Amino acid sequence: MMIKYKQNPWLLPDGVEELLPDQARQLEQLRRAVLDLYRSWGYDLIQPPFIEYLDALLTGSGNELDLKTFKLVDQLSGRLLGLRADMTPQAARIDAHSLKSDGPSRLCYLGAVMHTRADTATGSRCPIQLGAEIFGHAGPESDVEILQLMLETLMLTGIENVHVDLGHVGIYRALAEEAGLTDEQETFLFDALQRKALPEISQLLADIDISAEHKARVSCLAELNGDRSTLDEARQRLQGCSPAAKAALDNLSDIADLLRGCIPDLSLNFDLAELRGYQYQTGVVFAAFVAERGQEIARGGRYDDIGRYFGRARPATGFSADLATLMQLGGRKARMEKPGILAPCIADNNLHEQIRALREQGERVAYLLTDIDAAYSLSDYDRVLQKQGEKWTVGQRN
């Protein structure tokens with residue numbers, strides 16, 4: 001006998017949330033403030049579709065995004081569709097295929113994405129992703145601009161005492177190439193480096209037939225973590241490395257110097273085993289942290305190769321974050337709305353003209369449908385429209 005369990009119809013799936021009026025108003029006010037900030041920096045807003053063909057959504061993004069993407073079959077074409085889990089590939093497609101600009105493009109976006117699984121046990125599966133990208137510029141200046149904008153975004157939301165981790169995937173990629181590591185060896189070492197599992201790294205390298213110098217250079221990345229002096233130590237320990245590895249280290253140093261010049265008091269940490277997004281990132285990678293949260297609250301980096309999948313390779317750098325998380329951590333207070341006005345629901349053209357005029361002036365005007373509205377649900381309305389002679393005027397509510 002099959003037992004049927006009755007499910008409460010008001011329950012939501014794990015990791016899926018709803019916002020009540022006060023939270024929704026706070027989030028919307030923050031959304032508008034963020035987009036106004038991005039516009040003041042010269043970024044143009046785009047609105048990618050919520051659903052696309054799966055191969056376009058996953059282009060150049062690696063296996064991690066594939067696992068996060070909800071998939072379904074298009075009833076019209078028979079092809080696989082995906083609900084977007086990250087808007088970065090969509091921005092790259094828009095830049096490469098739709099805009100086709102010859103110069104740098106600054107694009108921003110803000111909207112819901114869906115994840116099959118949350119990043120943490122208590123995390124959301126429907127983040128409100130915000131982000132900004134620069135396409136068409138390969139120098140450290142654009143990386144620093146993106147880092148500055150990320151920090152401005154956090155400041156706008158009320159988040160303080162942010163520290164930033166900087167790394168560069170080009171260093172490890174160049175060391176792996178010069179050592180002649182296979183794709184499998186490179187992947188295993190990458191995973192161990194991310195976890196800074198020193199015994200595991202030593203064992204993996206002991207089983208690989210490469211020179212002692214190559215082993216030393218790769219293994220030391222897990223220990224190169226700290227303040228600005230970390231870069232000087234890296235130059236010492238990576239002596240004799242390939243020009244590509246040295247160029248990546250120099251690039252990281254240039255970015256750090258520029259960033260420090262713009263924000264002298266920034267708490268900056270260097271981690272050469274920091275390889276977030278290794279499958280598609282090509283240069284600097286970074287993440288922002290606050291003390292009260294172990295996980296990153298914003299992340300980004302350079303991903304120069306992604307545009308070629310859409311027919312036009314362009315340098316690219318950007319960052320993204322979850323607006324709902326920033327709202328929760330920042331504690332930015334919602335702007336208090338002015339109390340509203342109640343109006344009788346009657347057939348009177350002069351009344352409705354006056355209501356229309358008040359709403360155009362920014363007033364909140366609601367119809368008083370029943371007496372119970374006045375007693376309960378419309379308690380935050382302190383004025384009423386009342387008729388005086390032939391005119392309707394605003395007066396205080398009794």
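Predicted model: local features only at pLDDT ≥ 70, side-chain atom pairs only at ≥ 80, totals over all residues.
Biologist: Where do I start? How many helices and strands does the protein have?

Modeller: Start with the overall inventory. There are 14 helices and 16 strands. The C-alpha trace spans about 95 × 70 × 40 Å along its principal axes.

Biologist: What share of the residues is buried?

Modeller: Of the 398 residues, 46% are buried. As for the surface, the protein exposes about 21400 Å². Carbon and sulfur atoms supply 51% of that area.

Biologist: How do I read a nonpolar core? Which residues have the most contacts inside the largest one?

Modeller: The general idea comes first. In soluble globular proteins, nonpolar side chains tend to be buried together. Here the largest nonpolar core has 74 residues. Tyr38, Met150, Val164, Leu166, Ile171 and Phe319 have the most contacts inside it.

Biologist: Take Ile171. Which residues does isoleucine 171 touch?

Modeller: Leaving out residues up to four places away in sequence, Ile171 touches Leu221, Leu238, Ala245, Ala248, Leu249, Leu252 and Leu272. Now the whole chain: among contacts between residues at least 6 apart in sequence, 67% join residues at least 24 apart.

Biologist: And nonpolar residues on the surface? Which residues form a nonpolar patch there?

Modeller: Phe50, Ile51 and Leu72 do. Together they have about 230 Å² of accessible area. Phe50 lies in the loop between β1 (44-45) and β2 (51-53).

Note on methods. Residues numbered from 1 in each chain as written. Heavy atoms only, no water. Patch = residues over 30% accessible without salt bridge, like charges linked within 9 Å, V, L, I, M, F, W, Y side chains within 5 Å. Areas by Shrake-Rupley, 256 points an atom, 1.4 Å probe, with all protein chains shown as cover. Salt bridge = Lys/Arg side-chain N within 4 Å of Asp/Glu carboxyl O. Helix = DSSP H or I, 4+ residues; strand = E, 2+ residues; numbered from the N terminus. Core = buried A, V, L, I, M, F, W, Y, C linked by side-chain atoms within 4.5 Å. Buried < 20%, exposed > 50% of the residue type's maximum accessible area, 1.4 Å probe, protein only. Contact = heavy atoms within 4.5 Å.
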